[in-house]
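Hi there,

Here is the structure I promised to pass on.

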Amino acid sequence: MEFEKLQGIIADVLNVDTADITMDTTFVDDLGADSLDIFQIIMGIEEEFDIEIDNEDAEKIATVGDAVEQIRNATNN
């Protein structure tokens, strides 16, 4: 469920097809995201899931799977 919602957020911010987004997809190398794009994605995640991701944790997000893990950690606490 987190993955599908995250796909939608990423697709909206980066204007890419959700089919191109997998758990192993990297934001920078595969999707061409810059720091502003990543910031917008993180803001979208925080709004969608009603969580807050610390800057330190946000810096560790390189792949879509990393983002899903952060969402799961934040929603389980």
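At roughly what angle do the axes of helix α1 and helix α2 cross? Before the answer, a word on conventions. This is a predicted model, in which local features need pLDDT of at least 70 and side-chain atom pairs count only at pLDDT 80 or more, while totals for chains, interfaces and linings use all residues. Residues are numbered from 1 along each chain as its sequence is written, and side-chain values use heavy atoms, with hydrogens and water left out.

Now the answer: α1 (residues 2-14) and α2 (residues 35-49) cross at roughly 140°, and their axes come within 10 Å. Axes here are lines fitted to C-alpha atoms, for helices over the stretch in contact, with angles running from 0 to 180 degrees between N-to-C directions. Helices are DSSP runs (H or I, at least four residues), numbered from the N terminus. The angle makes α1 oblique to α2; oblique is what remains once angles under 35 degrees (roughly parallel), over 145 (roughly antiparallel) and 65 to 115 (roughly perpendicular) are taken out. The crossing of these two helices is right-handed, a label used if the near helix is turned clockwise from the far one, with left-handed meaning anticlockwise by less than a right angle.

On the α1 side, the contact (heavy atoms within 4.5 Å) is made by Glu 2, Lys 5, Leu 6, Ile 9, Ile 10, Val 13 and Leu 14. Their partners in α2 are Asp 37, Gln 40, Ile 41, Gly 44, Ile 45, Glu 48 and Phe 49. By class, this contact has eight nonpolar, two polar and four charged residues. In that scheme Ala, Val, Leu, Ile, Met, Phe, Trp, Tyr, Cys and Pro are nonpolar, Asp, Glu, Lys and Arg are charged, and the others, Gly among them, are polar.

Helix α1 also packs against α4, at an angle of about 120° with the axes 10 Å apart. That pair is oblique too, and α1 passes α4 in a right-handed crossing. Here Glu 2, Phe 3, Leu 6 and Ile 10 of α1 meet Val 64, Ala 67, Val 68, Ile 71 and Arg 72 of α4. The residues of this contact divide into seven nonpolar, no polar and two charged.

How many salt bridges does a search of the whole structure find? There are three, each being a side-chain nitrogen of Lys or Arg within 4 Å of a carboxyl oxygen of Asp or Glu.

- Glu 2 and Arg 72 meet at 3.3 Å, N to O. Glu 2 lies in α1 and Arg 72 in α4 (residues 64-76), so the pair ties together parts that are 70 residues apart in sequence.
- Glu 48 pairs with Lys 5, the closest N and O atoms being 3.8 Å apart. Since Glu 48 lies in α2 and Lys 5 in α1, this bridge links parts 43 residues apart in sequence.
- Lys 60 pairs with Asp 57, with 3.9 Å between the closest N and O atoms. Lys 60 is exposed at 52% relative accessibility (exposed means over 50%, buried under 20%, partly exposed in between, with a 1.4 Å probe and protein chains only).

Lastly, is Asp 37 buried or exposed? Asp 37 is buried, with a relative accessible area of 16%. Leaving aside neighbours within four places in sequence, Asp 37 is in contact with Val 13, Leu 14 and Gly 32.

Best wishes
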